[in-house]
Every structure is written in C-alpha cells, then in structure tokens.
Amino acid sequence: MTKPVLLAAVVVALALPAAPALAQSCFVADPIWVSGHNTATATLSTRVATMGTNVATQRSLTLEMLLSAMKVQVAQTSTNGEREVNLTSNTQQAVAATLSQVAQRQALVDAREQYGIDTGQGVNACASVDLMNSTSRAMGNVAMTGREGYRNLDVAPGKNVPPQEASRNRLADPTKTDSAVFFDPAASDDDRKKVIEAMAGHPMPKPTTAMEGADADLMMLKARRVEALRSPALISLSAIRAMSSTDDHQIGTTASSPLARLDALIGQYGGGPQYEAWSAGLAGQSEHGLLIELTRMRSMSLALRQQLIEQQARTSAVFGTILATQASGDL
Amino acid sequence: MRAVWSTRGKRCGFATGPIAERARLLSAVKVLTAQSAAGSDQVSNGFRASSEALATTVVTQDQRQAVALAAHRYGSIGYDPCGSNTKAQGFYSAMTGSAAARREIVSPVRAQPGRYADPKDWVNDVRSGAAPDGDALYSGDAKAATKFINTVVGPPDPQPLTTTATSTNDLDRLEKTGRDTYRSMTAVVLADIAADYRADGPIAKTRALSSHWQGTDGGAAWAVGVAGQHDRGIIQDAVRMEAANLALIAHQIKRGIRTEATAAALLLAMVNARITNVVPNPGRAQATPASLQTP
C-alpha cells in the first residue's frame with residue numbers, strides 16, 4: 001500500500017517546477033533595451049529550452065530509474081512472494097510428510113502388534129489349534145468307538161454266544177474284575193472289556209431248534225427283556241471305555257485317548273507343565289491376540305459342555321432303566 | 001526545494017536538486033527492496049523454523065504418548081496373575097495326585113477283586129475303633145474313609161473249601177466275577193471321592209481357583225485391582241477365568257464318569273439279581289441258571 005502512494009508523490013514533485021518559467025513577459029520600447037532584451041530573451045529562451053530539455057531529460061531519467069527501481073522492487077516482491085509461497089508449500093509438505101511418516105510407522109507397528117503371529121493370534125497359536133483339534137476329534141470319537149465296543153460285547157442284544165464259551169472267558173482270569181480300569185487310561189483296553197462282560201453277567205440263553213414252541217417263545221422273550229434292560233448300562237460302560245481308547249477313525253492317524261486329551265487340556269489351561277509359559281505368553285499378546293485366546297477357549301468350553309450333556313443323557317437313560325427294572329419284578 | 005527553483009539558479013545547481021532527490025528516492029526504493037527481501041527472508045526463516053518446531057513437537061508428543069500408552073497397556077496384567085497361576089498349578093498337581101491317593105485309600109479294603117481272604121480281619125476292622133461314617137469321605141481323613149469303604153463293600157469271600165472244577169465251584173467263581181466288579185466299583189468311586197476331598201485335593205484347589213476373582217467379598221478386591229487398568233488387564237482376567245473354566249469342565253467330564261459308571265453297574269446288578277430263568281441241563285441233576293444271582 002505504501003509503494004503506490006510514494007510513487008504518486010514523486011510524480012507530483014517533478015510536475016510542479018515547470019509552470020513559473022513559462023510565465024515571463026515584457027512591455028518596454030527602448031530599442032537597445034529591446035534588442036538586449038530580445039537577445040536576453042532569446043538566450044533565456046534557449047536556456048529555458050535547454051533547461052526544459054535538461055529537466056525533461058532528467059525527469060525522464062528519473063522516471064526511468066525509478067521505474068526500473070520499482071521494477072526491481074516489484075520483481076523482488078514477486079520473487080519474495082514466489083519464494084514465500086514455495087517455502088510455505090515445501091515446509092508444509094515436509095511437515096505433512098513427517099507427520100504422515102510417523103503416523104504410517106505407528107500404524108505399521110500397531111498392525112504388526114495387533115495381527116502378527118507372535119503377538120496378535122493368541123499364545124502359541126498353532127500348538128493351541130492342534131491341541132483343540134485333537135481334543136475335539138478325540139471327544140467326537142467317543143460315541144462311535146463306544147458303539148463299536150458295545151456291539152462286540154458277548155452280552156450285546158441279539159448276540160448268541162454259547163454259555164460255556166462265556167463262562168470260559170469270565171473264568172480265564174478272575175482278577176480281571178477290578179472296576180478301577182475304567183478310571184485309568186493306562187490300563188489295557190481288553191481288561192476294560194473283560195470287566196464290562198463280567199459286570200453284565202451271563203449272556204441270556206437263546207432257544208434251540210429242539211425246544212418246543214411255547215418254551216422257546218418264553219425263553220426268547222426273557223432273553224430279549226434282560227438284554228434290553230442291560231443295554232443302556234452297557235452303552236454307558238462302553239462310552240466310558242471309549243474315553244480311554246486310542247482308536248482313531250481316520251485312516252493313517254493315531255490319536256491319544258479322550259481322557260489323555262482332557263488331561264492335556266488341563267495341563268495347558270489348568271496349571272499343568274505348559275501353564276506357566278502360556279500365562280506368561282498372555283502378557284505379550286495384543287488385545288486382538290487376547291480376544292482370540294479368549295474366544296478360542298470359549299469355543300472349546302462349548303465343545304466340552306456338549307460332552308457333558310451327552311454324558312448326562314446316557315446317565316439319565318440308565319437311571320430310567322433302573323426304575324423300570326425295580327418296578328417290573330422278576331425276570 | 002525552494003533554493004533549487006530560484007531565478008539565480010544555475011544549470012548544474014538546478015539539476016543537482018532533482019538528481020539528489022532522485023538519488024534519495026532511488027536509495028529509499030533500494031532500501032525498500034532490500035528490506036522487502038530481508039523481510040521475506042525473515043518471514044521464510046521464521047515460517048520454516050516454526051514449522052520445524054511444530055513437526056518436532058507433534059512427533060515428540062506423539063512418541064511420548066505412544067510410550068505412555070504402551071507402558072499403561074503392558075503394565076496392565078489383570079488381577080493378581082501370580083495368585084491365579086499358583087492356584088491353577090495347585091489344582092493341577094492335586095488332580096494328578098488323586099489317582100495315587102485313591103489307590104492308597106482303596107488298597108487296605110479287605111474285599112479285593114479276584115481274591116479270597118479270611119473274613120475275620122474284616123469283622124475286626126468294622127468292630128474296632130470309631131463307627132464307620134460316610135462323612136469320612138469328605139473329611140480328608142484317608143484312614144477313616146478306608147474304614148467306611150471297607151465296611152460298605154462288605155467282607156471278602158473266603159477261600160473255597162475245594163478247588164476242583166465242579167459245576168458248583170464254577171458257578172461260585174462265576175458269581176464272584178460279577179460281584180467283584182460291583183464291589184470294586186463301589187470301592188474305587190468312593191475312594192476317588194475321598195481322594196478328591198483330601199486336604200490338598202482337587203476339591204479344595206478348585207474352590208480356591210474358582211473363587212480367585214470373586215473372592216470372599218463379592219469381587220470387591222478384584223474391582224479395586226482392575227479399576228485403573230487398561231482394557232488389556234481386564235481381557236487377561238477374562239482369559240484366565242476362561243482357562244480355569246475350561247480346566248474345570250474337563251475335570252467335570254472326568255469326574256462325571258464316576259456317576260455314569262456307578263449308575264450302569266447298579267442297573268446291571270439289579271437286572272442280574274432278578275433273573276430267575278434256568279436252563280434245563282440234560283444229563284445233570286441241577287439246571288444251569290440262565291444268569292448269575294450275583295449280589
């Protein structure tokens with residue numbers, strides 16, 4: 001704003017002095033004086049003209065110089081502006097780049113921490129998934145392995161094992177009658193089968209072709225009745241036997257028994273040898289990893305609860321049949 | 001100004017004024033230009049410096065906040081994790097010790113599967129000392145538990161007079177196999193319960209573990225403990241609780257086997273006690289029982 005005002009002042013200052021020089025005039029009649037006057041006038045005019053020229057020259061020079069100085073000033077101002085704009089823009093860019101780099105780095109660190117395999121997917125993720133998977137599979141095998149074992153018993157419904165053979169089997173080793181084998185996964189599976197058969201008692205005799213119709217019918221009726229009443233107990237005992245079985249229903253794989261899997265699970269999450277490392281591992285997990293760990297265990301709790309439900313269902317069936325037995329008198 | 005424009009002024013004098021004036025003006029403009037450049041430099045430098053300071057401040061502040069947040073997050077480890085670790089480990093060793101404790105309780109029982117013994121020792125056991133009491137199972141007293149179990153299981157089978165393989169002997173031996181499975185079931189299940197209730201057994205340990213967070217004050221101590229903790233600390237508590245929960249469900253399944261096995265044995269014993277069916281035995285005086293009157 002100051003610059004145009006200054007320029008206007010300079011122009012006014014240059015225009016003012018020219019006016020008084022042109023105002024000279026004379027009214028004297030003496031020829032000599034007139035001649036002198038004319039000479040003087042001519043000289044003066046010449047001088048004035050010269051001066052005018054001079055002044056004009058100087059003024060134009062001044063104008064030129066001032067213009068040029070103003071041009072320099074304008075150019076400088078423009079340069080300043082340009083430089084300032086560039087600098088502002090560059091600086092802002094640099095600030096933005098720095099902040100964005102910092103934010104980017106933080107985002108990378110965050111992402112790695114939240115989702116990385118070491119800190120964001122639960123403690124020892126692969127081993128945990130293995131443990132969960134083998135436990136679920138082993139528990140899932142219980143029903144099927146139990147059913148197989150149940151069908152192979154010599155007292156299973158529909159079987160017709162000769163009484164002599166059944167007696168021979170039961171008397172082969174009378175010490176194989178300890179029910180403790182059901183609670184010991186290390187005991188032999190065959191011993192568990194022997195205990196179930198000894199507990200079930202003798203297979204019911206079936207009628208032979210030599211028997212008369214009514215006797216045969218009665219014998220068959222009694223045999224079927226007893227077999228039916230025994231069966232829920234045999235299914236339960238076979239399921240318990242399957243809890244210690246290492247059978248796996250997938251070709252080419254072996255599995256540890258469901259009881260051993262439950263022990264491994266307790267070993268991992270219930271204070272066993274792996275627990276301390278697991279608990280320490282929690283401290284290094286991100287929120288994402290902790291939530292995965294939590295959810296993983298909840299899913300396993302859910303799967304185990306299902307086992308509990310099935311176990312209770314079998315037990316209830318046994319009690320229902322106990323009631324029927326108690327209510328029905330001699331067989 | 002006036003001196004320069006008087007009539008006596010000479011050319012040089014006349015011109016000197018405007019030239020000096022011009023020089024001053026030009027000088028002023030130069031100063032202005034220089035000042036403008038210098039001012040611009042100042043503005044630029046100032047702007048650069050303040051921007052640098054801004055970036056540095058923001059970055060430093062950010063870093064400081066990140067460090068503070070990390071310290072808060074990773075310093076939040078939930079409520080007394082060492083305590084819950086100790087309790088969980090106590091539960092595990094109690095659980096693994098139960099089988100040995102059970103065997104210790106069950107082995108002095110006189111009636112053992114597949115064995116014969118003189119019943120007089122059993123009679124002495126029952127008659128001597130304190131009255132056998134089912135409360136012993138929950139008292140943690142292994143000897144009293146043994147006495148109770150010994151009493152309810154009953155006397156051992158005496159050695160048969162003859163060991164020749166007669167049909168009567170065979171029948172006795174067959175009936176013993178069934179009876180032994182029922183008796184040993186009673187003995188092992190009751191002994192297992194008594195073992196679980198020993199002073200440092202799984203019952204005591206699960207009680208400690210399952211009440212770690214709830215405590216005896218409705219969880220007030222826990223609430224105070226995690227009040228200032230980052231979310232992480234609370235999630236870690238949830239994880240540890242779920243781990244304990246998972247371990248207890250696994251334990252519950254294992255112990256549920258006892259109920260199921262006992263119920264199954266009871267059903268079989270009841271069925272066998274009611275069988276009156278006999279098989280005609282041609283050529284022999286006595287008919288063969290269709291099954292065994294085991295109890």
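Modeller: Before we start, a crossing is left-handed if the near helix is turned anticlockwise from the far one by less than a right angle, and right-handed if clockwise. This is a predicted model, in which local features need pLDDT of at least 70 and side-chain atom pairs count only at pLDDT 80 or more, while totals for chains, interfaces and linings use all residues. Residues are numbered from 1 along each chain as its sequence is written, with chains lettered from A and ligands numbered from 1 in the order in which they are written.

Colleague: Thanks! In which hand does H5(A) pass H5(B)?

Modeller: Helices (H or I, at least four residues) and strands (E, at least two) are DSSP runs, numbered from the N terminus. The two helices are residues 163-171 of chain A and residues 167-196 of chain B. Where H5(A) passes H5(B), the crossing is left-handed.

Colleague: And at what angle do H5 of chain A and H5 of chain B pack?

Modeller: Axes are lines fitted to C-alpha atoms, for helices over the stretch in contact, and angles run from 0 to 180 degrees between N-to-C directions. Here the axes of H5 of chain A and H5 of chain B lie 10 Å apart.

Colleague: Which residues of H5(B) make the contact?

Modeller: Two residues are in contact if their C-beta atoms, placed from the backbone, lie within 7 Å. H5(A) brings Ser167(A), Arg170(A) and Leu171(A). From H5(B) come Asp170(B), Arg173(B), Leu174(B) and Thr177(B).

Colleague: Zooming out, which helix gives the largest share of the side of chain A that touches chain B?

Modeller: In total, 93 residues of chain A are in contact with 93 residues of chain B. Several helices of chain A each supply at least two residues to that side, including H7 (213-242) and H10 (287-328). The largest share, 23 residues, belongs to H3(A).

Colleague: How many helices and strands does chain B have?

Modeller: Chain A has 10 helices and zero strands. Along the sequence, chain B reads α-α-α-α-α-α-α-α-β-β. So to speak in counts, chain B has eight helices and two strands.

Colleague: Last one: how far apart are the centres of the domains of chain B?

Modeller: The bounds come from an automatic or database domain assignment. Domain 1 of chain B covers 3-74 and domain 2 covers 80-289. Taken over C-alpha atoms, their centres are separated by 95 Å.
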